[in-house]
Amino acid sequence: MTLKNVLEDICMEEYALPANAPAHRFSRRHRRAINAVLYPDGLPKTKRRLPLKCRVIAVVAIVALAAVTGCAAVIRYGGFEFGKERVGFQTFITVMADDRHKAPKIIEKICYDVHLPEKYWFYSEQMYDDEAWYETIYMGDEFTFSDGSKPWFIVRQMTKNTSFAGIDVEDCEINMIKIKGYDGYTVVQHIEGTEKCINSITWNCEDYTHIIIGTAPLDDILDIAENLIEK
């Protein structure tokens, strides 16, 4: 099932609920007739509206904020919050862990060791962003791309408060899957003009978000994810 199918299903379920049906907009003539019945002595007094100048300023501020943020609605699914954001001429899917507010602020433990296939070798490891992001990098020798580069992948563990995704919907294939019993998703991003793809898999694992990403084949990345050794 692709993310597109998931979002469509969620929307269909949401709009199927009677309580979520959009409110009917009655005509002004109908509203006047109803008010005459309900309030024969005249409409009750209401609080004064903001002056026109203030209302214009408020509207301009809201429009400006929407332009900056992309005014993206958020849909929660499989432990993630999926949003949609427009940047210039590109549309991105933004992803965050939906339980990030109660997760650790730093990496307090490393959850997995990598069971490394023979065709890959360890390259380096690094902790970033004041202990909020830990990754190990691996290189492969099985084949060489036409540009002379070798396949590689990164195993990354991140705190859930760290922003970790901005997926261009025009160039990517996204699928929801299960990894080690947890909800997750894969992304295949084609690199224009080459035979290479940036393949990744992301899943929520208790306190942290995990990502494996690289130019290694997606099948290899999936096998590596399933064969991580829990500490």
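These legends describe close-up views of a predicted model. Local features need pLDDT of at least 70, side-chain atom pairs count only at pLDDT 80 or more, and totals for chains, interfaces and linings use all residues. Residues are numbered from 1 along each chain as its sequence is written, and side-chain values use heavy atoms, with hydrogens and water left out.

**View A. Threonine 159 in strand S7.** Strand S7 covers residues 152-159. Strands (E, at least two residues) are DSSP runs, numbered from the N terminus. Threonine 159 counts as buried because its relative accessibility is 1%; buried means under 20% relative accessible area, exposed over 50%, partly exposed in between (1.4 Å probe, protein chains only). Contact means heavy atoms within 4.5 Å. Neighbours within four places in sequence aside, threonine 159 is in contact with Pro104, Lys105, Ile106, Ile107, Glu131, Ala132 and Tyr208.

**View B. The hairpin of S10 and S11.** Two strands pair if DSSP finds at least two bridges between them. Strand S10 (residues 182-190) pairs with S11 in the antiparallel sense, over seven bridges. Valine 187 has serine 200 in S11 as its bridge partner. Six residues lie between the two strands. In the turn, glycine 193 has a positive phi of about 85°.

**View C. Strand S11 and its pairing with S12.** Eight of the nine residues of S11 (residues 197-205) are buried, so the strand is largely enclosed by the rest of the structure. S11 and S12 (residues 208-214) pair in the antiparallel sense over seven bridges. Cysteine 205 stands opposite tyrosine 208 in S12. This hairpin has two residues between the strands. Glutamate 206 takes a positive phi near 55°.

Conventions: Helices (H or I, at least four residues) and strands (E, at least two) are DSSP runs, numbered from the N terminus.
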